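Dear colleague,

I am handing over to you the structure shown below.

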There are 4 protein chains.
Amino acid sequence: MSQIKCVGILTSGGDAPGMNAAIRAVTRAAIYNGFEVKGIYRGYKGLITGEITPFKTQNVSNIIQLGGTILKTARCQEFKTPEGRKVAYDTLVKEGIDALVVIGGDGTLTGARIFATEYNYPIVGLPGTIDNDLYGTDTTIGYDTALNTIMDAVDKIRDTATSHERLFFIEVMGRDAGFLALNGAIATGAEAAIIPEISTEVDQLEELIKNGFRKSKNSSIVLVAESPITGGAMHLAERVQKEYPQYDVRVTILGHIQRGGSPTAHDRILASRMGSAAIDALLEDQRNVMIGIRNNEIEYIPFNKAIKNDKPIDRELLNTLRKLSI
Amino acid sequence: MSQIKCVGILTSGGDAPGMNAAIRAVTRAAIYNGFEVKGIYRGYKGLITGEITPFKTQNVSNIIQLGGTILKTARCQEFKTPEGRKVAYDTLVKEGIDALVVIGGDGTLTGARIFATEYNYPIVGLPGTIDNDLYGTDTTIGYDTALNTIMDAVDKIRDTATSHERLFFIEVMGRDAGFLALNGAIATGAEAAIIPEISTEVDQLEELIKNGFRKSKNSSIVLVAESPITGGAMHLAERVQKEYPQYDVRVTILGHIQRGGSPTAHDRILASRMGSAAIDALLEDQRNVMIGIRNNEIEYIPFNKAIKNDKPIDRELLNTLRKLSI
Amino acid sequence: MSQIKCVGILTSGGDAPGMNAAIRAVTRAAIYNGFEVKGIYRGYKGLITGEITPFKTQNVSNIIQLGGTILKTARCQEFKTPEGRKVAYDTLVKEGIDALVVIGGDGTLTGARIFATEYNYPIVGLPGTIDNDLYGTDTTIGYDTALNTIMDAVDKIRDTATSHERLFFIEVMGRDAGFLALNGAIATGAEAAIIPEISTEVDQLEELIKNGFRKSKNSSIVLVAESPITGGAMHLAERVQKEYPQYDVRVTILGHIQRGGSPTAHDRILASRMGSAAIDALLEDQRNVMIGIRNNEIEYIPFNKAIKNDKPIDRELLNTLRKLSI
Amino acid sequence: MSQIKCVGILTSGGDAPGMNAAIRAVTRAAIYNGFEVKGIYRGYKGLITGEITPFKTQNVSNIIQLGGTILKTARCQEFKTPEGRKVAYDTLVKEGIDALVVIGGDGTLTGARIFATEYNYPIVGLPGTIDNDLYGTDTTIGYDTALNTIMDAVDKIRDTATSHERLFFIEVMGRDAGFLALNGAIATGAEAAIIPEISTEVDQLEELIKNGFRKSKNSSIVLVAESPITGGAMHLAERVQKEYPQYDVRVTILGHIQRGGSPTAHDRILASRMGSAAIDALLEDQRNVMIGIRNNEIEYIPFNKAIKNDKPIDRELLNTLRKLSI
């Protein structure tokens, strides 16, 4: 049986909608189970600086609907050094925090894994990232909201894309993963998605665009994942414009709006279930695992697997997009 | 190998956001595979009245984002009689329609099952209903949008629920199924959900409310599924008000706004995948099945199972709600 | 020159989106001008109970986008009595508050007028009510947001209103004023608005509805102001249903969702300008006036005029609705 | 008395939300008054190509809520030549169109003015542009929607701007006019607006930013009008980053999303009133005027004045922004 008395919570890395819902769930589930809770500000940096405060149920009242994270987030260089992690550990001991729940992406879980190993310290991770690029969970906290934000933006752009032969390249987030671009393209009826998982030969792109124009005789929209592999929307637009000067090529880079906004129902429910499950995991003496939900079931995914394993793109989705964009 | 040359599409029963995305997907996937397509207006009624028109890709351009259904929908008494179905069959023969894709809920699939059996006619169904009460699919087309509409409405009500001891009963749809009420309650941080699957003894409700007030010292929100089993929000409010005259009890019935609105990304992608899968099913000589997506995989669910089997509420969700509403 | 050193702020009566933007503006404009600021909770009740706290610029950071009011609001019976107002006055003296800015509707300004006269105490009012029923300002804080909330809801209902001869009565707020119903009807392309300013004879309503059906052969939507004069949507629906059993009559009562939500740009800018102007007014030794904006100019409206004068409905709007609903 | 029998409608230039509401209003008010109506596609280009179709009330049913324009829009070089305008005039004669209502911005009205003079042809213009840069009307059709779109985007960015000393430059539309940037800044609580009307000396910008950081110790957001005069967000960001390498400077260019989306209540009502007024103007034998609404009254503004006169920025707004961003 777990000897944990006090749980610390932090959010780290790029923020994602639903992080507040997760903070609320962890806090309330912990208190429900008799734990104390402390909120750690600015990610791992708060463990260095000691910016930590006790959390009661009221601290997380009326935050489920807010974007961003009330605990703030930051990147922290010190935590990447053994000296920094020593300071962090001392802080945890001093504050009487027996276990951590960390909410974030790849980098956050990597930091957690190293620290947990080094100090034999119980940590449970929640996947909080709009990119959906963590193995072991069907979706990550923030992904559904970002997808809907992208959809709303592309819908607006589609409203204005009425002239003949106008071609929009819209860049969305997804350094290593094309989930947002591919699903965003299906959701908006876009003509194509350029994603890092599929190497798009120049000819393919051109084929695609010519087909788009030939068939629809109207505007075409291509979603591009922001990634060194794709080269980004601006790069593609320039190449296409050069080859096809007759097209009216436009670029929109959606940028930071994709990280914000009130979370969708999906993200709030996901965050609530995962936050509650994180406390269950600690009660079951689980540690150094990420909470995942696959096929609607809670799973405990060892940090190693969550970070290192690739999460493949579903080929059926690519086919669906191709068929429907005729 | 399928001998189908022309596919008819119709939407029937209560409309649901995403039906247009499904119509678009069925039409385009059919054309992609070399079928002709005909749109049938006002559900089964269109088979009686002959309100049918050929569909090209342009007929379904720029509709993926629209609520409602461009094919209209209606209840049809004639189709419930053998004579009516005979007229419908004759219409299909006359129009050269070899197979049907029908989009709707329980009643729609029941009609399809009877007709398909009677005339040995190939029909594939898509689950289109905000209630999410069809067996064999994790979610139905329209459910996610309705859930988000409910969430937005409750968020607004929460904004104004700032005085002490104000108790809101908010009625949401769900005659036989508490999915919207339960998930809506989790997504909005509501204090409780009254759903038809769980018989709520009077004492439980009172316990719950007293706890709500005792703990939060603030407004409480209870979501109630509109159902003869729950009695509805107004009925519950009156009972509670009578017992607890000191509370300021309010009722809001969300009503028809839950059926409308631009579909969410989830519903558009679901509808796109299912619409595409419906044509795949016809190509594989599948018939008299509903397309479901479970655990992210396309499945063919015989009409009988989709309609008759109960889809149970997940107990984990009830626990999550209880823990987080402390 | 004003001898004011410390300004108190409160919100009272029914809450309205934009109240937080007004609180922020009053606070910051006051601090900009060298005043201290104190926030008074739960309207006039906070003056009785002493629930008051100093406000710095940070207290109002990141609230401009929030619905509701961070200062809470309440109705207060005590403040309607001379004894209650004496307690309130003593509280103000004790707290060193030299002037008040109150944000609310009719009742709030009435309370302010009485108190200001009784104690010769400087008060500036801001019109905060979704009903837009205060004289001396083109719009009140919250009105534009409520109008857009109504529009979004009616748009959703319109999505589903596709069958023949379905008639929706949608009830919106507006006890004494038809602004929301009339402008909401124009904004949504509704067929008619039933408002307290215009007595709608039974025959007129029937004429209207028959015309609606005759012309559009489709669904009709009528917006009804919730008011004893109109009788409300349910009452009208029953009357019409009785006379015209062939119609499928439906009722939706939008209710409390109209008071909530993140304020629109119009309401945030209005609240920001008015909040800033309230401090200007105090600096100019103005008192017992409501800030209005008419023809885009700030005006000081004596409380008496703001409360007592009727704000007429624009006949041009009625004509526009009639012409466009053919 | 007017001898007009048939009115043509077109939308031209950059599209703006609310154009469809205007098309609907012109069409219905015209039919209400006994005119025939014809819709002209792709702006003035439709007068060259003859892409014109009769409009009934049903042609404009259920479009009030749609972004973009069902009549499409295009730039048209031919119409800038006397030869092109001759073709256009011949088309109007051939189609039996006696008068035009044109909806668009500066360029659209300039074209109308030239054509109207050349052929003594009655034209009424409606101000349809998100930039709000036409003289003679308090707001233009589309401006309020664009402002709210900007606000929503900046709210999302604010959600994620939680780290210390992060400085966002967000570029919004407004080549010659700072309405969107300035009002957007007030509505979002941004720290500053860089607009073409006010030449911002380098030092002012720096002063401003240093103050922002000094005071709020938090993220700062600056809205920048896209304009050769301001230099745009990217240019400013680079300059600031160079001088202040310690800041984390980010840029977001909102781009085309600002032109799309379902129009707000304000824009739909404005478009409805103006569209109705355009027909009134023709009935009164007015011609070659733009419909404006100032101080809530319909006005007829000669094309010359609407195009050539500057519409000044309100200094009070600049003061409000400065006071509230402390």
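Chain A is superposed on chain D by a rotation of 180° with 0.0 Å of shift along its axis, at an RMSD of 0.0 Å; copies are superposed by least squares on the C-alpha atoms of residues with pLDDT of at least 70 in both. That is the relation of a two-fold axis. The same surface serves both copies, since 100% of the contact residues of chain A recur in chain D, where contact means heavy atoms within 4.5 Å. In general, two copies of a chain are related by a rotation about an axis and a shift along it.

Please note that this is a predicted model, in which local features need pLDDT of at least 70 and side-chain atom pairs count only at pLDDT 80 or more, while totals for chains, interfaces and linings use all residues. Residues are numbered from 1 along each chain as its sequence is written, chains are lettered from A and ligands numbered from 1 in the order in which they are written, and side-chain values use heavy atoms, with hydrogens and water left out.

The interface of chain A and chain D

Here 26 residues of chain A are in contact with 26 residues of chain D. The two chains bury about 2100 Å² between them, with 56% of it on carbon and sulfur atoms; buried area is the accessible area (1.4 Å probe) that two parts lose on being put together, summed over both. Across this interface there are 0 salt bridges, a salt bridge being a side-chain nitrogen of Lys or Arg within 4 Å of a carboxyl oxygen of Asp or Glu. The interface of chain A and chain D does have 4 residue pairs in polar contact, both residues being at pLDDT 80 or more. A polar contact is a pair of N or O atoms within 3.5 Å; within protein, one must be able to donate a hydrogen and the other to accept it, and residues adjacent in sequence count only if both atoms are side-chain atoms.

On the side of chain A that touches chain D, α5 and β9 (248-253) of chain A each supply at least two residues. The most comes from α5(A), with 6 residues. Helices (H or I, at least four residues) and strands (E, at least two) are DSSP runs, numbered from the N terminus. By class, this side of chain A has 6 nonpolar, 13 polar and 7 charged residues. Ala, Val, Leu, Ile, Met, Phe, Trp, Tyr, Cys and Pro count as nonpolar, Asp, Glu, Lys and Arg as charged, and the others, Gly among them, as polar.

The interface of chain A and chain B

A rotation of 180° with 0.0 Å of shift along its axis also superposes chain A on chain B, with an RMSD of 0.0 Å. In chain A, N295(A) has the C-alpha nearest the axis, 2.2 Å from it. Again the same surface serves both copies: 100% of the contact residues of chain A recur in chain B.

Between these chains, 42 residues of chain A are in contact with 42 residues of chain B. About 3500 Å² is buried between chain A and chain B, 56% of it on carbon and sulfur atoms. In chain A, the residues that lose the most area to chain B are K323(A), L324(A) and I326(A), together 19% of what that side buries.

The interface of chain A and chain B holds 6 salt bridges. One salt bridge joins the side chains of K323(B) and D280(A) (3.2 Å, N to O). There are also 14 residue pairs in polar contact between chain A and chain B, both residues being at pLDDT 80 or more. The elements of chain A that each supply at least two residues of the side touching chain B are α1 (19-32), α5 (143-160), α6 (179-188), α9 (265-283) and α11 (315-324). Of the residues on that side, α9(A) gives the most, with 7.

Within chain A

Chain A is divided into domain 1 (6-142 + 263-308) and domain 2 (144-259), with bounds that come from an automatic or database domain assignment. The C-alpha centres of these two domains of chain A lie 34 Å apart. In chain A, 13 residues of domain 1 are in contact with 13 residues of domain 2.

Yours sincerely
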